[in-house]
Amino acid sequence: MPSMQNDAAYLRLLDITKRFGAFTALDKLSFGADRGEFISILGPSGCGKTTLLRLIAGLETQSEGRVEIQGRDVSKLPVSARNVGIVFQSYALFPNLNARDNIAYGLVGRGLDKNRIRQRVDELLDLVGLRGMGRQFPAQLSGGQQQRVALARAMALSPDLLLLDEPLSALDAKVRVMLRGEIRQLQQRLGVTTIMVTHDQEEALTMADRILVINQGRLVQNGTPREIYDRPATPFVAAFIGAMNFIENAVKVENGCYRIGSHHLSISGENGSRNLASGAVATLAIRPEDVMIRVDELEMPNILASRVEQMEYRGANFRLRLNIGPNQRPLEAEVPAEKVRRLNISPSMPLAIQLPHDRLRVYASAKHRCNDGSLCENTL
Ligand SMILES: Nc1ncnc2c1ncn2[C@@H]1O[C@H](COP(=O)(O)OP(=O)(O)O)[C@@H](O)[C@H]1O
Ligand SMILES: [Mg+2]
C-alpha cells in the first residue's frame, strides 16, 4: 500500500525504489509537493538525487512505486508526455544555436507559428534578464548567462513542473548567489512547482520552501529550512546541514535531564529520545552559535567550565575551540568578534559557557562514524 496517501497532491511520489542491478539507488521513497511549492532535494554526492529527478522527469523508470502529477499516474509516460522543464548542472545548450534558437527549440518542435515563437522568446529573454542578447551563441555567454538561457528554455512551454539538477554548482560564488535570488523570484512570480536538487545546504536553506534530506537513497527528513536546521531528525542531518557539536556519552538521568561527567544538563527539546530509559547513553548536540559565553550569572543552569584552545578569526565572528574536559571532544563556539574584543578573549583563557536548554538536542547514541571520524549516520 502507498504510504503517503494524504500527502500534498500536485506531485506525488509513492514508495519509489530504483535499483541498478543489485545496487539500490533509491529505497521506498515517498513525498508530495503542493502546487507552487519550491522543494529542494539535498544530500551528499551519490545519494540518489539525480536519479530521483530523472525519475520524476521520465528519463528513468523506477523499479517499484508510482509517480503522480496532478493526480495522474505518469509512471509509464515518456518525458515528452509529462510536461516538465529541466535544467541540468552543465548548461547543456546546443553550441551551434544562438540563445534565441536554444530557447525556441521546444516551441519549434511543437509547430508553433514563427510570430508566436518570436513573441514568446522575447518574453522569455525578458523573464531571465537577457533582453538584447538573443543573438549570442553559448560560447559568447558567461556561465551565469548560459544558465539563464537554459532556464528560459525549460520555461518555454510553461511546464507543470520545473526540475533543476544542481543548476548553480558550476558557477562562480558571486554569480551563484545572485542567480539563487533570481531563480527564487522567478519561481514565485510564475508560481511554477519546482524541484531543485543540490548538495549545497546554503542553497537549499535560502531558496526552498521545503527540504528533503536524502542519504544513501533514503529520505531522512522532510521539513521547512527552519525545521531542518533547528530540529535535525538524525545526527547525519545535524552534521550535514550547518555545523554541529556532538557531546557523547551523556547519561539520561530522567526526562529533561542528562549528565555528562559531573555536570547535569537540563534539556527541553528532547523529541525522540523521550522514550530512552534512565541510565541510557545518548549523544547531545548543539550548534556553535548556540554556545553562550557567560561572565556573570554563573548560577544559571547548564553552565560548564571550559578553556580556550584555539581561536579562528572569521571576520564578523570568531570560531573558538573550547576544551570542556579530558573525556570530551572540544566544543566549537561561534562568537561575535565584538564580544571577543569586549571580553578580551585570548588563547588558553578559562571561559564559562552555557548550553541553553532549548538549543540542545538529544540523539540515541550512534556509534557509526564516517571515514573522517565525524558522526555521520544513525539508525534512529
Ligand atoms: N545508470 C546507472 N547505472 C548504475 N548505477 C547508477 C546509474 N545511475 C546512477 N547510479 C548510481 O546510483 C547512485 C546515485 O547516483 P545519483 O543519483 O547520480 O547521485 P547524486 O545525484 O545524488 O550524486 C550512485 O551510486 C550512482 O553510481
Ligand atoms: Mg547528481
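Figure 1. The coordinates are a predicted model, in which local features need pLDDT of at least 70 and side-chain atom pairs count only at pLDDT 80 or more, while totals for chains, interfaces and linings use all residues. Residues are numbered from 1 along each chain as its sequence is written, and chains are lettered from A and ligands numbered from 1 in the order in which they are written. Domain 1 covers 11-235 and domain 2 covers 236-364; these bounds come from an automatic or database domain assignment. Across the boundary, 13 residues of domain 1 are in contact with twelve residues of domain 2 (contact: C-beta atoms, placed from the backbone, within 7 Å). On the side of domain 1 that touches domain 2, S9, S10 and helix H7 (225-230) each supply at least two residues. That side has eight nonpolar, four polar and one charged residues (nonpolar: Ala, Val, Leu, Ile, Met, Phe, Trp, Tyr, Cys and Pro; charged: Asp, Glu, Lys and Arg; polar: the others, Gly among them).

**Figure 2. An open sheet of six strands runs in the order S6-S7-S8-S3-S9-S10.** Helices (H or I, at least four residues) and strands (E, at least two) are DSSP runs, numbered from the N terminus. Pairing in the sheet is mixed, and two strands pair if DSSP finds at least two bridges between them. Strand S6 (84-87) and strand S10 (218-223) are the edge strands, each pairing on one side only. From one strand to the next the twist averages 15°; axes are lines fitted to C-alpha atoms, for helices over the stretch in contact, and angles run from 0 to 180 degrees between N-to-C directions. Strand S9 (residues 210-215) is antiparallel to S10, with five bridges between them. In this pair, Ile-211 stands opposite Gly-223 of S10.

**Figure 3. Gln-145 lies in helix H4 and is buried.** The residue counts as buried because 20 other C-beta atoms lie within 10 Å. Leaving out residues up to four places away in sequence, Gln-145 touches Leu-130 and Met-133. Gln-145 and Leu-130 are 15 residues apart along the chain, and their C-alpha atoms are separated by 7.6 Å.

**Figure 4. Ligand 1 is surrounded by residues that include Phe-20, Ala-25 and Gly-43.** Also in the shell are Ser-45, Gly-46, Cys-47, Gly-48, Lys-49, Thr-50 and Thr-51; a residue counts as near the ligand if its C-beta atom, placed from the backbone, lies within 6 Å of it. Helix H1 (residues 49-57) gives the most to this shell, with three residues. By class, the shell has three nonpolar, six polar and one charged residues.

Notes. A residue is buried if 20 or more other C-beta atoms lie within 10 Å of its own, exposed if 12 or fewer, and partly exposed in between; C-beta atoms are placed from the backbone. Two residues are in contact if their C-beta atoms, placed from the backbone, lie within 7 Å.
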